[in-house]
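This report goes through a few parts of the structure shown below.

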Amino acid sequence: MTEALAPTPSPKQRKPDWIRVKAPTSAGFAETKKLMRRLNLATVCEEAACPNIGECWTKKHATVMILGDTCTRACAFCNVKTGMPRPVDPLEPEHVAVAAAELGLEHIVVTSVDRDDLPDGGAGQFVKVIQALRRNTPSTTIEILTPDFRNKADAAVEAIIEAGPDVYNHNLETVPRLYPTIRPGARYYASLRLLEGVKRHDPRIFTKSGVMVGLGEERLEVHQVMDDMRSADIDFLTMGQYLQPTPRHAKVAEFVTPQTFNAYAAIARAKGFLLVAASPLTRSSYHAGDDFQKMRAAREARLAKA
Ligand code: SF4
């Protein structure tokens, strides 16, 4: 973000102190890992090399990644492997429900790889997972974080909404100017339209979207993304620092300071989001259960005022 006049990170992309995290060593971490392997489930926590894995897994909060561990896209920011995915696992929905029960999850986040190879983009598997969770752990609230279902978004979103998730999350990831290099297989306005469509179909479903900063975006471009999200009636904005997973991925253009995150959060709140989470380590699913409760309370408070 040139506007902030931040120093260019060194060639080694050394992280500043505010984003250092401890190596995961707890018993809870080991148990979560063992459960995921036993149930043959992938997690975005591992596949995306999330820096919060030690904290989240210690609390047995894991974000399940359905439809396998191989993505049909190759985004410049993402660590998930690209290739021809394996066939869809018919046991996956029940396994996700078993994981939610064994981890004692009050709130689960389910995401997936992009499956452009499937006629429905994988929407049917999201539906089956939601149904399995409702059957087996009816008190668990469900947040789904979906791909953009390129060229089949309307049908996919309709089917998923029919299954009734509590939160529909889809990340815009970055500002539109950077899409050709950072998210080349996707279209900014298609993603916005997808989120707008969720609210149009069922305004009771909370919508959520996130952006990474530190990819070279300008501050005013981020403000514009916030405005676009509010025009699509998105309830919850998450913002976090982009971290380069491997040297093959896009370089960090800037390590955004915690103060700048606070400034972004203040502007976003003023623009009318029900909830904003913005910090260097914020990720879509970070503290998702607690944030769901806050979002629900914020909506009730707003409705009571109206
Ligand atoms: S922030 Fe989300 S992806 Fe990262 S470890 Fe926590 S649950 Fe997993």
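## Helix 6 and its packing

The buried residues of helix 6 pack against helix 5 (123-136), strand 6 (141-145) and helix 8 (188-201). Helices (H or I, at least four residues) and strands (E, at least two) are DSSP runs, numbered from the N terminus. This is a predicted model: local features need pLDDT of at least 70, side-chain atom pairs count only at pLDDT 80 or more, and totals for chains, interfaces and linings use all residues. Residues are numbered from 1 along each chain as its sequence is written.

In helix 6 (residues 153-163), the buried residues are Ala153, Ala156, Val157 and Ile160. Seen down the axis of helix 6, these buried residues fall within an arc of 95 degrees, so they line one face of the helix; the arc is that of the directions from the helix axis to the C-beta atoms. After helix 6 comes Gly164, with a positive phi near 80 degrees.

## Annotated cysteines

An unreviewed UniProt entry places the feature "binding site" at Cys71, Cys75 and Cys78; such annotations may be inferred rather than shown by experiment. Cys71 belongs to strand 3 (residues 70-71), while Cys75 is in the loop between strand 3 and strand 4 (81-82).

Cys71 is buried, with 23 other C-beta atoms within 10 Å. Cys75 is buried too, with 21 other C-beta atoms within 10 Å. A residue is buried if 20 or more other C-beta atoms, placed from the backbone, lie within 10 Å of its own, exposed if 12 or fewer, and partly exposed in between.

## Ligand shell

Among the residues that surround the ligand are Val44, Cys45, His61 and Arg283. Helix 2 (44-47) and helix 3 (53-58) are the elements that give two or more residues to this shell.

Key
Near = placed C-beta within 6 Å. Contact = placed C-beta atoms within 7 Å.
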